[in-house]
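Let's take a walk through this structure together, beginning with the whole chain and ending with single residues. Have your viewer ready.

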Amino acid sequence: MSGKTFITQIQAIWSRNTVLLSNFSYLSALQIATLLLPLITYPYLIRVLGEELYGLVVFTQVVAGYFGVFISFGFSMLGVQEVSIYRENKKKLSEIVSVITFTKSVCLLFSFVIIFAYLNLFNVQYKWLFALAFWVCLLDIVFPTWFFQGIEKMKFITIISLINKILFTILIFIVIKERNDVLWLPISNIVGTIVSGWLSFHLLRKEGVKFVFPTLQITWKYIQKSYHFFLSNVLIQIYANSNKAVVGYFLGMGAVAHYDLAEKIVNLIKIPQTLISQTVYPRVSADRNPFFVKKIFTLSIVVNLGLYLLLFLGAEYAVLLLGGEKMLPAVPIVRILGLLAPIVAISNVMGILTLVPFGYKKLFSQMIGISMISYLLMFAVIWGMNNINLYSLSAINVLVEIMVSVISVYFVYKSNILWKRNTTTS
């Protein structure tokens with residue numbers, strides 16, 4: 001092949017994938033900022049607030065996350081699909097945004113009533129910290145990232161999110177000087193949320209979106225469509241994101257701080273897979289090209305195996321850099337949880353990028369349901385053996401994700417989506 005021919009092919013590939021590459025670049029900047037900015041503030045917060053109080057802050061964020069799953073109700077994934085299909089129909093886009101925003105707002109109001117009643121009926125220490133942490137759920141409503149992802153204009157998401165995160169980071173160093181300033185942490189988050197909401201409202205108007213009051217019939221139709229996404233998110237929250245809550249309840253807030261640091265470091269090597277998934281999901285939803293998905297699958301495995309090797313070797317250095325010697329118990333947790341990168345890459349491509357866009361939502365929900373039951377059974381075993389610790393909880397997380405990956409590959413194979421089974425009989 002001549003040099004000129006090679007350059008021509010490269011130009012052709014670039015031309016066909018300009019939007020994808022542009023979106024990947026913007027999402028890269030966003031994901032890097034999302035994970036690096038908390039690491040910038042982490043050493044400062046862990047020293048000012050201390051392990052116990054910082055662990056409590058993380059615990060309140062976990063509790064808020066449960067409400068966030070209910071408020072989102074699976075509409076984010078549904079929204080990306082619907083917007084990617086009807087991106088040229090302004091009337092339909094207005095309907096999609098209006099229904100999802102309205103329904104999420106109702107869920108937010110209902111959640112607020114529940115948490116307000118709980119905090120006032122029971123003697124909860126640091127109740128204001130829990131109450132203010134809850135309002136992070138508002139960001140999911142006022143900043144519809146799913147809309148901009150659906151129209152494949154990640155530039156908007158990146159700009160608004162970066163403004164929000166940078167503002168939040170700056171406020172932390174300005175207003176938090178001692179332990180008694182802990183409430184300013186969620187308040188700073190709320191300030192960023194308000195700014196993001198105001199900016200996204202103006203960008204939606206520029207895209208021709210008009211807010212209309214949806215009918216109950218249309219709203220119910222969208223709820224039915226998003227039901228499988230909601231169920232999957234609930235189940236995922238139970239088996240994938242409950243460890244911090246379990247650690248806090250059984251092992252104390254200091255252990256939460258160790259586990260949280262390990263997760264933050266591991267999340268760094270998850271950036272590429274998140275970028276790949278978010279970038280190509282609208283394209284896969286619209287085109288449903290199995291050959292394209294198989295290329296993404298191969299790329300994901302190679303990239304994530306390499307990243308885990310680097311993480312394993314540099315785990316101790318990363319922990320010392322961010323938390324100091326007192327956080328060294330997080331090192332083995334980093335190495336265990338790091339296994340999630342290559343494992344989740346498999347389930348992500350097989351589930352989110354294959355089963356869901358190709359119309360196998362029920363199989364996707366079944367996969368998550370089996371995994372949740374497995375998590376509960378494994379947890380029951382270590383609880384019965386009185387062996388609940390950071391290592392056993394981390395190992396359970398990895399084992400469950402292995403099961404998710406195996407099941408997802410089996411379902412994709414069984415459904416003849418990417419690999420065709422030989423169904424002829426002799």
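This is a predicted model: local features need pLDDT of at least 70, side-chain atom pairs count only at pLDDT 80 or more; totals for chains, interfaces and linings use all residues.

Residues are numbered from 1 along each chain as its sequence is written, and side-chain values use heavy atoms, with hydrogens and water left out.

Start with the fold as a whole. The chain has 18 helices and zero strands; both are DSSP runs numbered from the N terminus, with at least four residues of H or I for a helix and at least two of E for a strand. Its radius of gyration is 22 Å, close to the 22 Å from the globule rule for 426 residues, so the chain is as compact as a globular protein of that length. Here the radius is taken over C-alpha atoms, and the rule is 2.2 Å times the number of residues to the power 0.38. Along the principal axes, the C-alpha atoms fill a box of roughly 60 × 50 × 50 Å.

How much of the chain is buried? Of the 426 residues, 51% count as such, where buried means under 20% relative accessible area, exposed over 50%, and partly exposed in between (1.4 Å probe, protein chains only). As for contacts, meaning heavy atoms within 4.5 Å, 83% of those between residues at least 6 apart in sequence join residues at least 24 apart.

Now look at helix α5, residues 127–134. Six of its eight residues are buried, so the helix is largely enclosed by the rest of the structure. Among the buried ones are Leu129, Phe130 and Phe134.

Next, find glutamine 81 in helix α3, which spans residues 75–85. Beyond residues up to four places away in sequence, glutamine 81 touches Phe229, Tyr281, Ser285, Val356, Pro357 and Lys361.

Finally, move to serine 277, which sits in helix α13 (residues 271–287). Serine 277 is buried too, with a relative accessible area of 8%. Setting aside neighbours within four places in sequence, serine 277 contacts Asn348, Ile352 and Leu353. Tyrosine 259 is 18 residues from serine 277 in sequence, and their C-alpha atoms are 26 Å apart in space.
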